[in-house]
Amino acid sequence: MKKILVFTLATIAFASCNSKLAPVSENAIKPTVVTQQTPNDTDDPAIWINKLNPEESLIIGTDKEAGTGGLYAYNLDGEIVNKVYPLDRPNNVDIAYDFILNGTPTDIAIVTERKQNAIRVFSLPDLKPIDNDGIIVFEDSDLKDPMGIAMYTNPTNHKTYAIVGRKDGISGSYLYQYELQDNNGVVTAELVRKFGNYSGNKEIEAIMVDNELGYVYYSDETVGIRKYYADPENGNEELAFFGQDDFKRDHEGIALYKTTPTEGYILVSDQQANNFIVYKREGSNKNHDHKMIAKIPVSTIECDGADAVNFNFGSKFPNGIFVAMSNGKVFHIYDWNVIQEQIDKQNN
């Protein structure tokens, strides 16, 4: 069994928060916080809300080196306060709330461990492994290498699913969807669905789920963003395919910011242009018709992954957070108000 180490605040030697970044556009918005550096190569963040003490919420992010990668927890000042190490090329991470584990609602972080062909599950906020050393995925396929992951919790029956992408796949069954289950305090998974069209051009990595509205979005890199129902019982019809003409090259990380129970913004990384392209969550005419409404230049370089949350985290982030990976082994954390100002400016 591979030994996983969990490091708390007292055992971590901090890197400088003032790491030198590559040049950015003079019009790019600036982050409120830049996190401390990881040893290798950051890839994807997720935001965990501490509902009892919001200012102690965490950014969970991956450092994707083969053999010596890790899963990192940052406080809202960008300091590394915990990590799981080593992981074998962890790629993307997402979070699910109130998963029932041994009868107790438990928040969990789920990360793809690419070189082990597995997904890993850790409890939050302690990052304790609860998966018996990993859950193997894509067992019935020669096309493995899990990369992207997004979590869906059905609001009616409370079933929790992991939707997993990979380095390569077959159109129509590129994504595998697993129902997570509790086996006496150990998380297991059952394959319940294969779906997802694929252009064949590059890969599908960035995946995002809208829990309340029940949709899953993913980036078919260099081609566009595809939209499906998140619940396997609703079928595999492609509901939308958008953003084909809005990007310089790669469609990458996807974040969702909710302004109401049914409205908000979808933000997608225009990786080579260092922009985020913004679409209405509800679509035009509320009919899966997602047209670009803003193009926001950001300070991140070659951004792979992003996340956003509308929540009052205190005086620094009263209307929520937008966080994005950047070259330089860091994540950039933005006050949502700065993002909203750009959206409003381009729509007035």
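## The β17-β18 pair

Strands β17 (residues 215-220) and β18 (residues 224-229) run antiparallel and share 6 bridges; strands here are DSSP runs (E, at least two residues) numbered from the N terminus, and two of them pair if DSSP finds at least two bridges between them. Across from Tyr 217 sits Lys 227 in β18.

This is a predicted model, where local features need pLDDT of at least 70 and side-chain atom pairs count only at pLDDT 80 or more, while totals for chains, interfaces and linings use all residues. Residues are numbered from 1 along each chain as its sequence is written, and side-chain values use heavy atoms, with hydrogens and water left out.

## The sheet around it

Both strands belong to an open, antiparallel sheet of 4 strands, in the order β16-β17-β18-β19. At the edges are β16 and β19 (240-242), each pairing on one side only.

## The largest pocket

About 930 Å³ of space lies in the largest pocket. (A pocket is an open set of points on a 1 Å grid over the protein atoms alone, where a 1.4 Å probe fits, with protein on both sides within 12 Å along at least five of seven lines; lining residues have an atom within 4 Å of a point. Points are joined across faces, edges and corners, and the volume is the space filled by probe spheres set on them.) It has 38 lining residues, with Ile 95, Tyr 97, Val 209, Asn 211 and Lys 258 closest to the centre. Elements giving two or more residues to this lining include β7 (90-101), β16 (204-210) and β20 (251-258).
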